[in-house]
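Please read it alongside the sequence and the coordinates.

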Amino acid sequence: MTTIQINHLKYQYPTSDFKLSIDQLSINENLVAFAGQNGAGKSTLFKLLTGLVRPQAGEIIINHQGLAILSPEDRLKTIGIVFQDPSSQLFNATVEKEVAWSLLQTGLDASVIADTVDKALATVGLTDLKDKNPFDLSLPEKKLLAIATVLAINPQIYLFDEPMISLDWPSRQLVTRIMKQLAKEKHQVIAITHDMDWLAANFSKMYVLSDGQVKFEGTPETFFGLPALSAKTGLLTPRIMQIAKEVFGDSRVYLTPEDYMKKHSGN
Amino acid sequence: MANNQQVSLTHLSFTYRHDHDAVLHDITASAPLNSIVGIIGNYNAGKTTLCRILAGIIPNMMAGNLQGDVQIGALSPTQNWSDFNQQTGFVLQDPSSQLSGLADTVADEIAFDLLNHGVDEAAIQQRVVDVAAQLQLTAQLGQSPVSLSGGQLQRLAITTAIVTRPTILLLDDPTSEMDPQGREAFFTWLKTIKDATIFIVSNEIDDLCEIADRLWVLDNGELVSQGTPAEVINSLNSDWQIGTPKVYQLARLMDWTMPDDNNQFPVTVDQLRRCADDDHSNQSSQVSISHQ
Amino acid sequence: MEIRNNSIQKIARLHWYNFVDPVTKLLLALFLTMLSFDFTNLYFEAGLVLCSLVLLLLSRLTSATINAVSFCLFLIVTMILIQGLFYSKNVHPLFSVMGITFYLEGLLYALTMSARILIIIFAIGFFMNTTTISENAKYLESIGMPYKQVYLLMSVCYILPQIQQNMKKIQFAERARGINPQKTVTQKIRSILPILIPLIIKTFDQSINRSITLQLRGFNSPERTLATPKYCYFKAKFSHYCLSFATILLIGWKLWQIISRFL
């Protein structure tokens, strides 16, 4: 079981007024979502978690070890990230080389690498495209490839920045399935998302960021029951709640259409 | 065939040069002029290629084997492209590659289209300010386009497309990088546009059903379904792997059918309200009982 | 005209270099470069370096220029070392360290070359720092160049910054995915080599996309309203004639120097 513990974390960009400041935060669950408006600090938090930027104050502790003192190789095996824009993560000549690239950084044996690459590509369903140039793939395929590059390393913690963006319906199902499977295999899966329908349907633990601070920690069920808070943090409610409110004037919490049915077939 | 009040695609097929397989197969579709046509389907279904043909990028700038005919009112993108292009606004999938790269400010970027259309400087000012306000870019007018966020860039791309007051608007996944509020505002705004034929490719099936007059469904380069959103969503084939709107999912689970057709489920909030008003008052009463 | 064109000038004060038009600046750069090639006197070269450096310092210094200059300084140091040790006309030893002799001729030769490089870098840097893409484009269009050609010229000029930008993105991704922070030069080169082709494809693709949208946006339509230059320039025509004349004279003289060697 992985735990991330954040203590007195402070980060400010040199060129803007934006400040991220998290006093105490521990993430223990396997499947966690971070929500918040643009500029709330979600991506900054991810950059801090991957060590791409260093905090000005405070520390991030992963399994009782400081992130700052991890060797680059250990960090790579501890935490992996899938960016929102997959194009910014891909730069090799073929799909296969793209996945192998990360593994080469860890200095693995060639035959092990080949096997791992095949497995990662099979998981995301890109085996047939392995000789293609990543640049020629469609957006969902690029995103799946970006996911495969992280799957190949198989870090303890997976970070997904807006995983549902630029996916079509079947790939949304696939990525959701992969994320749940990883969580089941005792990985920690943390996603940033705007998509409240997806969040409500698939997560049982969420954090809400606003103005660089954590404003909520708990279940979606609780959060969406606090309309003042969701308005203040600039988040919408799931579509099913909007429908219930608009059509029936019913402002109770519903996470999915199925949830609505369950709550209405009690007797 | 040449009906001036119609959008009509007749036996449209297309293969890219250096490619063996056709991307679009024998597409025949129609829609009334000045309506909103939503184009749905998964990646590799041919949506972007269809947009390119509708904009005249194919065959005027990209080569390949194009067969069939496209007619949008009196205009055709394949035959008299320069006349057609004067009337068209286009938003690409990747908004950043749509910028001219020659403008220091957002205002200059928007004005670029007006200059190209020969609008004089005095009128440009007012029109730039007007469209920027419509898409909430007023505060950004003096900023450099490269400093914008993804969602703002998309709104800028839309602004540059509509500033010339086109009668045909082509939008290829215009909200992919917007946040939910931005997306909501965009679809609400799109619904208010009059006197333009709008083609929009989007994965936001909920929003699309609310605003579109017609839906065209593409699967593997074929047009597999077309009609009103309610008709199309109610006859989806699971092989096409297309999501359904939440209203429809809810109505199916609760078995709330349309008052005028018991085989169809609603796809928009308004339709659902009619179902609820009509003969489902018993369900509503059940609602209040079950939660006491 | 409040929102467009003038908004930037309202915020930022106009500088002297805003009154010099882009073509004059380019011609000035060419003129300085030719001067440095025509005269080989080292004091004169030093004077020219100083002149162009003052030009650069009077404009806005950007980090890009500082990077370019520091890269050039690195090149210059290597050049001075190599020429000082191995220049073919080396005769007079300057000093010896541990049996390795450093020669005067090589040093002088390298210094002349360095001066020329610095003059070019400083003068071009001055041009790049003080004009924006849109200013150049507007000016060229206003003096009668067809917009299509203006655009082509500008895209060629700015393809390097674009590649650089893509490069930065890729290197950021490498950092996110990789483990070696690429400290040494060989590591840097090794990390760049495999991504060169995707980099070029990406940049090329962006250019194609851009050219398609520009056509869709009607950039070469005959009705296009002619752009008005961004600033009022000081005696643009006059400076063009003077500088062109002087530069042509210098080129002629240089050619004569070369030809006369064979006579």
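This is a predicted model: local features need pLDDT of at least 70, side-chain atom pairs count only at pLDDT 80 or more; totals for chains, interfaces and linings use all residues.

Residues are numbered from 1 along each chain as its sequence is written, and chains are lettered from A and ligands numbered from 1 in the order in which they are written.

**Sheet of chain A**

Helices (H or I, at least four residues) and strands (E, at least two) are DSSP runs, numbered from the N terminus. In chain A, six strands make an open sheet with the order β6-β7-β8-β3-β9-β10 and mixed pairing. Two strands pair if DSSP finds at least two bridges between them. From one strand to the next, the twist averages 20 degrees. Axes are lines fitted to C-alpha atoms, for helices over the stretch in contact, and angles run from 0 to 180 degrees between N-to-C directions.

Within this sheet, β3 (residues 31-35) and β8 (residues 188-192) of chain A pair in the parallel sense over four bridges. A:A33 has A:A191 of β8(A) as its bridge partner. Helix α1 (residues 42-50) of chain A packs on the sheet and touches β3, β6, β7 (157-161), β8 and β9 (206-210) of chain A. The direction of α1 of chain A makes about 150 degrees with that of β7(A).

**Sheet of chain B**

Chain B also has an open sheet of six strands, ordered β5-β6-β7-β3-β8-β9, with mixed pairing. Strands β5 (88-91) and β9 (222-227) of chain B stand at the edges with a single partner strand each, so one side of each is left without a neighbour in the sheet. With direction ignored, neighbouring strands of this sheet are turned by 15 degrees against each other on average.

Strands β6 (residues 168-172) and β7 (residues 197-201) of chain B run parallel and are joined by five bridges. The bridge partner of B:L171 in β7(B) is B:I200. Helix α1 (residues 47-55) of chain B lies across β3 (36-40), β5, β6, β7 and β8 (214-219) of chain B, at about 155 degrees to β6(B). Helix α6 (residues 150-162) of chain B touches β5 and β6 of chain B, and its direction makes about 170 degrees with that of β5(B).

**Helix pairs of chain A**

| Helix pair | Axes come within | Crossing angle |
|---|---|---|
| α3 (95-105) and α4 of chain A | 9 Å | roughly 125 degrees |
| α4 (110-124) and α5 (139-153) of chain A | 9 Å | roughly 140 degrees |

The crossing of α3(A) and α4(A) is right-handed. In this contact, α3(A) supplies A:E96, A:V99, A:A100, A:L103 and A:L104, and α4(A) supplies A:I113, A:T116, A:V117, A:A120 and A:L121. By class these are eight nonpolar, one polar and one charged. Ala, Val, Leu, Ile, Met, Phe, Trp, Tyr, Cys and Pro count as nonpolar, Asp, Glu, Lys and Arg as charged, and the others, Gly among them, as polar.

The crossing of α4(A) with α5(A) is right-handed; a crossing is left-handed if the near helix is turned anticlockwise from the far one by less than a right angle, and right-handed if clockwise. Residues of α4(A) in this contact include A:T116, A:V117 and A:A120, and those of α5(A) include A:L144, A:I147 and A:L151. The contact holds nine nonpolar, two polar and no charged residues.

**Domains and chain contacts**

Chain B is divided into domain 1 (1-87 + 166-229) and domain 2 (245-292), with bounds from an automatic or database domain assignment. Their C-alpha centres lie 32 Å apart. Five residues from each of the two domains take part in the contact, where two residues are in contact if their C-beta atoms, placed from the backbone, lie within 7 Å. Helix α8 (residues 205-211) of chain B gives the most to the domain 1 side, with four residues.

Between chains B and C, 34 residues of chain B are in contact with 27 residues of chain C. The largest share of the chain B side, seven residues, comes from α4(B). That side divides into 16 nonpolar, 12 polar and six charged residues.

The contact of chain C with chain A takes 16 residues from chain C and 15 residues from chain A. On the chain C side, α8(C) gives the most, with six residues.
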